[in-house]
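Please keep the sequence and the structure in view as you read.

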Amino acid sequence: IQAPRCTKDNYVVISLYSNWTAREWSLSHWRYLIHLLNQAGFYVVLIGTKDEAERFSADFGDTSGEQCQWHTGMDAQHITDLMLGARGFIGIDSGMTHVAGLLGVPAVAI
């Protein structure tokens, strides 16, 4: 494996943005879910496209937070490596959620 995994042992990957805004869940719900996952002992890794970097920065700030970090513009190997190391995947009904399911990662589509 060449792509780095998350340095945390117990993490969940979340893909929350969509090109189709009707599929998106509100930011307050995502933040609350991240809070609940943290309370349950999970670290959160948010993934997105290179074009979503500014949005992640505005919505979640610094990537070195105690609650979560975000990664954007990763290649397919990096994304799948992150997924394979995760305890689970949460996302909107999109390609990334289907990829997690195909990899055998427990996945939930919101």
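## Overall layout

The chain holds four helices and five strands, where helices (H or I, at least four residues) and strands (E, at least two) are DSSP runs numbered from the N terminus. Starting at the N terminus, these elements follow the order β-α-β-α-β-α-β-α-β. With a radius of gyration of 13 Å, close to the 13 Å that the globule rule gives for 110 residues, the chain is as compact as a globular protein of that length; the radius is taken over C-alpha atoms, and the rule is 2.2 Å times the number of residues to the power 0.38. The C-alpha trace spans about 35 × 30 × 25 Å along its principal axes.

A word on the model itself: it is predicted, so local features need pLDDT of at least 70 and side-chain atom pairs count only at pLDDT 80 or more, while totals for chains, interfaces and linings use all residues. Residues are numbered from 1 along each chain as its sequence is written, and side-chain values use heavy atoms, with hydrogens and water left out.

## Burial and contacts

Of the 110 residues in the chain, 43% are buried; buried means under 20% relative accessible area, exposed over 50%, and partly exposed in between (1.4 Å probe, protein chains only). Among contacts (heavy atoms within 4.5 Å) between residues at least 6 apart in sequence, 58% join residues at least 24 apart.

In soluble globular proteins, nonpolar side chains tend to be buried together. Here, the largest nonpolar core has 16 residues, and Ile14, Leu16, Leu46 and Phe60 have the most contacts inside it. A core of this kind is a set of buried Ala, Val, Leu, Ile, Met, Phe, Trp, Tyr and Cys residues joined through side-chain atoms within 4.5 Å. Two or more residues come from each of β1, α1, β2 (43-48), α2 (53-60) and β3 (68-72), with α1 giving the most, at four residues.

Leu46 shows how these parts meet. Leaving aside neighbours within four places in sequence, Leu46 is in contact with Ile14, Leu16, Ile34, Phe56, Phe60, Cys68, Gln69, Trp70 and His71. Another core lies apart from this one; it has 14 residues, among them Cys6, Tyr43, Phe89 and Val105.

How many salt bridges does the structure hold? There is one, counting a side-chain nitrogen of Lys or Arg within 4 Å of a carboxyl oxygen of Asp or Glu. Asp59 pairs with Arg55, and their closest N and O atoms are 3.9 Å apart. The two are four residues apart in helix α2, so about one helical turn separates them. Asp59 is buried, at 17% relative accessible area, whereas Arg55 is partly exposed at 35%.

## A loop and a surface patch

Thr49 sits in the loop between β2 and α2 and is partly exposed, with 42% relative accessibility. Beyond its neighbours within four places in sequence, Thr49 is in contact with Thr72 and Gly73. The C-alpha atoms of Thr49 and Met74 are 7.3 Å apart, although 25 residues separate the two along the chain.

Trp25 belongs to the loop between β1 (11-15) and α1 (27-39) and is partly exposed, at 32% relative accessible area. Together with Val108 and Ile110, Trp25 forms a nonpolar surface patch with about 240 Å² of accessible area.

How values were computed: Patches are made of residues with over 30% relative accessible area and no salt bridge: like charges are joined within 9 Å, nonpolar side chains (Val, Leu, Ile, Met, Phe, Trp, Tyr) within 5 Å. Accessible areas come from the Shrake-Rupley method with a 1.4 Å probe; for residues, only the protein chains shown count as cover.
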